[in-house]
Amino acid sequence: MSEALESDASLLVVVLDINASAWARSPLALDDALQQTIIFINAYLALKPSNQLVVLASTRSECRTLYPAEPGSISDGEDIRVYEQFRAADIAILSGVRALLSSASAAASRAQTEDSEHSLISRALSKALCHINQMRSSTLDAVWPRVLVLSAGVDAAAEYISLMNGIFAAQRMGVLIDVCKVAGAGDSVFLQQAAEISGGVYLRVDARAGWSLLQTLLFGFLADHYTRQVLYLPGNERTDFRATCFCHKRIVDIGFVCSVCLSIFCRMTPVCSTCHTKFAVRGGRVERPAANGANNGTQGTARTISQQLSTASTTSTLV
Amino acid sequence: MLLIPGEVIHHSSETVYNRDDGKLLVTNKRLAWCRNGAERPTCEVLFENFLTQQVSTAASKKVRLRISAQNPESATGSEPIVLTFNWSNPNSVAAKADREELLAALAMFTPRRSQASGAAAAGTGQSVGATSANAAPAGPSARPQGVNAGTSSNAAAGGSLTSQNNTKFSSVKIGRIPASAEEIKIRQEVLSKNEDLSKLHNTLVIAGLISEDEFWSTRKNILETQAIQMQLRKGSSSTWLDLAPNTQTSGDFRYTITPNVARRIFTEFPQVKKAYIANVPHKVAEKEFWKRFVTSQFFNRGRTADGSRGSRDTIFDECTLEEDAVFGNTNRYDLAYLTGLLDLTRTQEDSIETGNAPDFTMRPSLVDNKLPLFRRFNHHSELVLQSVLNSKRKHIEIEHTAADRALRDATILEDLEIPEPEKKIKLSIQDRSRYFTSMSKGGSDSQADPDMQDAGPMDIDSVHTALKVSFNISRSIEGYGDTQKTIANLSRSAQLVGLQKRPNRIKELNIPDELMKAIAECHGAGTEMLRHLWLLMRLPSTPERWQRGEKIVTAFSNVQQRIRETIAKANTMESKNPKLGSTVEKMLQPITESLDTGKKAFAGRGKPKSAR
């Protein structure tokens with residue numbers, strides 16, 4: 001891919017993590033976070049007339065596209081005093097979130113299950129990539145796409161594979177994934193990797209320590225591809241990529257990675273204990289991590305982490 | 001001869017020096033030659049100035065010894081003085097035996113200058129082994145003052161003899177498994193190529209801190225690479241065989257055909273090879289054959305555009321005919337063997353407008369006399385290309401089936417084929433939570449915010465009622481975060497990223513090259529020593545290990561001295577960087593601290609009981 005020009009437009013896909021449980025515990029209220037996000041989005045739209053925007057919102061039960069909204073879905077009842085160009089987006093986002101909240105509330109009370117802080121982001125990420133692909137193929141002009149995830153909940157282990165697949169897809173498509181951890185306890189390890197792998201920025205806004213969300217958004221995430229070439233953006237200064245093995249929970253520098261499910265083992269095993277893939281191992285026992293036979297389609301192969309990293313930096317490396 | 005106090009004569013030989021008869025004396029202090037009857041030696045070499053010794057070959061009539069030594073009055077590195085002694089005993093066998101005795105005595109005292117070769121040899125349990133005293137220098141570490149590898153007689157004894165007298169040499173550890181001569185050669189090659197490594201080798205192995213094997217055990221990859229490089233064989237030359245004659249004074253031409261040249265002629269002219277086998281030597285002598293070859297029309301038509309030069313010759317006319325027959329035979333292009341495909345891109349290059357016109361030089365009748373030259377060039381090109389492929393001459397597959405197959409392959413369009421369904425296995429992951437535990441380091445991250453964790457599960461209804469969406473986005477956002485603090489955090493983070501990403505931030509410090517080198521050396525030597533020290537400390541303590549550890553710790557002072565010198569140098573040096581001294585100090589800080597830690601840890605460990 002060639003380098004971005006100053007005149008090139010951007011395509012920003014904002015993924016809002018509307019995890020009710022996480023937001024309820026957050027020191028920064030959802031309402032205020034939304035307001036500041038909208039200011040950021042307006043700033044983005046104001047930067048360049050050709051800038052394009054997609055806003056997705058994801059709850060535990062569903063993922064919706066808030067903007068561009070389907071015609072007729074927005075009620076004109078609410079009035080926002082903003083610049084006319086921003087109005088459509090702002091109303092779509094706010095009313096969309098409101099609708100999503102009420103339906104999520106209904107779904108939660110119907111199911112009577114305990115709401116979890118685990119967010120499901122992979123769905124939204126896939127959808128974002130679809131939007132980007134669609135917009136790219138529908139225009140002849142150069143458009144530089146990026147995704148901004150406003151994350152609130154904690155990582156859900158169940159979606160690791162799908163999230164990783166999404167991240168690698170984004171990497172191949174040249175899509176940056178920026179992550180702003182707005183609420184929720186601690187850092188999101190998965191999303192940190194998403195930002196690192198795709199070349200985006202990961203920043204955590206600690207509202208309790210007095211961090212300002214709007215300021216972080218404006219300083220950290222507003223810059224487009226062209227500007228990023230000349231800027232040192234904050235974030236990513238110490239992403240820990242060390243991985244622990246699945247079998248003993250030890251931090252490993254060199255280990256075995258299942259080529260099918262990316263499980264990490266400190267010792268060679270003939271069968272992956274995570275996905276039950278049988279490995280084709282030539283020459284009997286393997287004493288130390290070494291390259292193994294080729295994948296014949298029906299059987300997996302065990303690869304060393306370093307090998308794995310050369311193709312897909314998923315798991316670990318020496319920091 | 002008058003002796004220096006404490007001096008003892010170990011051997012004396014009757015020798016001639018500068019046509020004077022006298023005695024060559026080996027004492028415990030020096031090598032001296034004294035004219036018969038004289039009290040003071042005419043010439044003497046103190047052992048510390050001793051450089052090399054050379055002996056006459058076994059076959060030579062005269063029995064000689066040549067000593068080269070540093071001139072004590074001039075600076076190091078100046079031309080050495082060379083002294084040659086002839087044994088006066090006419091019986092060369094007796095003289096040789098006497099010389100050997102003298103050399104054995106000499107070997108007891110002469111210091112080992114050639115550290116690398118000496119160490120490599122002794123460290124791996126190999127004797128120097130060379131019969132000639134001036135063996136080739138082993139590497140840069142041997143550069144200082146040449147080599148005194150020793151003569152055949154003292155080579156075997158050298159190891160044991162010198163080890164008693166020369167502490168520097170004896171301290172080199174002998175590896176358990178002696179390295180093969182090949183391995184030693186590889187190591188020497190590596191050292192001679194890599195100056196930094198050889199310096200490290202000097203400080204560690206020659207100083208006796210670690211053994212040769214230990215030094216190389218961590219650098220196996222370097223040795224392997226070197227071994228592979230040394231195994232690579234040179235391919236055959238791709239140059240055009242140009243047989244140029246030497247013009248004699250009489251005006252004659254003279255060709256020199258060595259077996260090597262002959263071999264190349266055979267590859268270039270297969271016909272000549274055939275003719276050679278058929279005619280030499282029973283029909284014509286080899287000399288005569290080559291003479292006829294260079295004068296023949298066959299040879300000369302390939303050399304000049306004028307095809308008629310050279311004389312006719314029965315042998316080589318046949319070659320000419322044969323060559324023409326091969327190339328002129330249009331049956332080679334049997335239509336049946338050609339594929340029926342027309343390559344439309346063939347003439348794409350021909351574009352008269354841009355100057356890339358179709359080639360007109362290859363019209364058959366026009367260049368008939370130049371044809372052999374063309375063929376020669378083509379044949380040569382073919383040979384060169386084939387030598388690269390490292391394959392024997394491949395014949396073009398002349399089968400009808402091959403042509404048919406090519407035609408079929410070219411007409412199959414993949415897009416129109418029915419795709420075969422891929423074999424797929426469903427991914428069934430048993431326990432997805434394992435990914436999470438793998439990433440989150442046992443949940444240390446998730447516990448970063450204890451307040452959140454303590455909140456406990458919340459009521460669903462209260463969760464949802466608490467969340468509202470206000471459409472008044474123009475309300476004040478004051479009080480949502482500290483802007484000063486945020487910007488400070490962001491810029492600190494960006495600064496860190498900038499520091500990490502700046503590609504040449506070490507270059508920006510403007511540290512002079514020599515300082516940089518010195519710093520790298522301090523780090524290299526220090527880390528290597530520390531590694532071995534920590535290894536020794538991890539292993540069960542034995543007196544021998546303890547001694548080695550102690551030796552390494554004492555050697556720390558050398559590194560620390562070097563560090564101090566480097567810092568001092570940096571402080572006095574002129575540089576664009578005003579804070580060069582403190583920068584260098586900061587760069588050397590980690591190694592200084594590590595050395596101290598290592599030293600303390602070793603001191604805290606104490607001697608093993610048996611060593612006391």
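B:Ile567 has 21 C-beta neighbours inside 10 Å and therefore counts as buried (buried: 20 or more other C-beta atoms within 10 Å of its own; exposed: 12 or fewer; partly exposed: in between; C-beta atoms are placed from the backbone). The residue belongs to helix 21 of chain B, residues 543-572; helices here are DSSP runs of H or I with at least four residues, numbered from the N terminus. Leaving aside residues up to four places away in sequence, B:Ile567 touches B:Gly581, B:Val584, B:Glu585 and B:Leu588, where contact requires C-beta atoms, placed from the backbone, to lie within 7 Å. B:Gly581 is 14 residues from B:Ile567 in sequence, and their C-alpha atoms are 6.1 Å apart.

The model is predicted: local features need pLDDT of at least 70, side-chain atom pairs count only at pLDDT 80 or more, and totals for chains, interfaces and linings use all residues. Residues are numbered from 1 along each chain as its sequence is written, with chains lettered from A and ligands numbered from 1 in the order in which they are written.

Two packed helices are described by the angle between their axes and the distance between the axes. Axes are lines fitted to C-alpha atoms over the stretch in contact, and angles run from 0 to 180 degrees between N-to-C directions.

| Helix pair | Angle | Axis distance |
|---|---|---|
| Helix 6 (residues 195-206) and helix 20 (residues 513-538) of chain B | about 45° | 10 Å |
| Helix 2 (residues 30-47) and helix 7 (residues 213-220) of chain A | about 25° | 9 Å |

Helix 6 of chain B and helix 20 of chain B are therefore oblique to each other (under 35 degrees is roughly parallel, over 145 roughly antiparallel, 65 to 115 roughly perpendicular, the rest oblique). Their crossing is right-handed, meaning the near helix is turned clockwise from the far one by less than a right angle. On the helix 6 side, B:Asp196, B:Lys199, B:Leu200, B:Thr203 and B:Leu204 meet B:Glu521, B:Gly524, B:Ala525, B:Glu528 and B:Met529 of helix 20. These contact residues divide into 4 nonpolar, 2 polar and 4 charged (nonpolar: Ala, Val, Leu, Ile, Met, Phe, Trp, Tyr, Cys and Pro; charged: Asp, Glu, Lys and Arg; polar: the others, Gly among them).

In chain A, helix 2 and helix 7 are roughly parallel to each other, and their crossing is right-handed. Helix 2 contributes A:Ala33, A:Gln36, A:Thr37, A:Ile39, A:Phe40 and A:Ala43 to the contact, and helix 7 contributes A:Leu213, A:Leu214, A:Leu217 and A:Leu218. By class this contact has 8 nonpolar, 2 polar and no charged residues.

Chain A has a mean pLDDT of 80, with 81% of its residues at 70 or more; pLDDT is the predictor's confidence in each residue, from 0 to 100. Over residues 284-319 of chain A the pLDDT is below 50, and this stretch has 73 contacts in the model beyond near neighbours in sequence. Where pLDDT is low, the predicted coordinates should not be read in detail.

Technical notes. Helix = DSSP H or I, 4+ residues; strand = E, 2+ residues; numbered from the N terminus. Contact = placed C-beta atoms within 7 Å.
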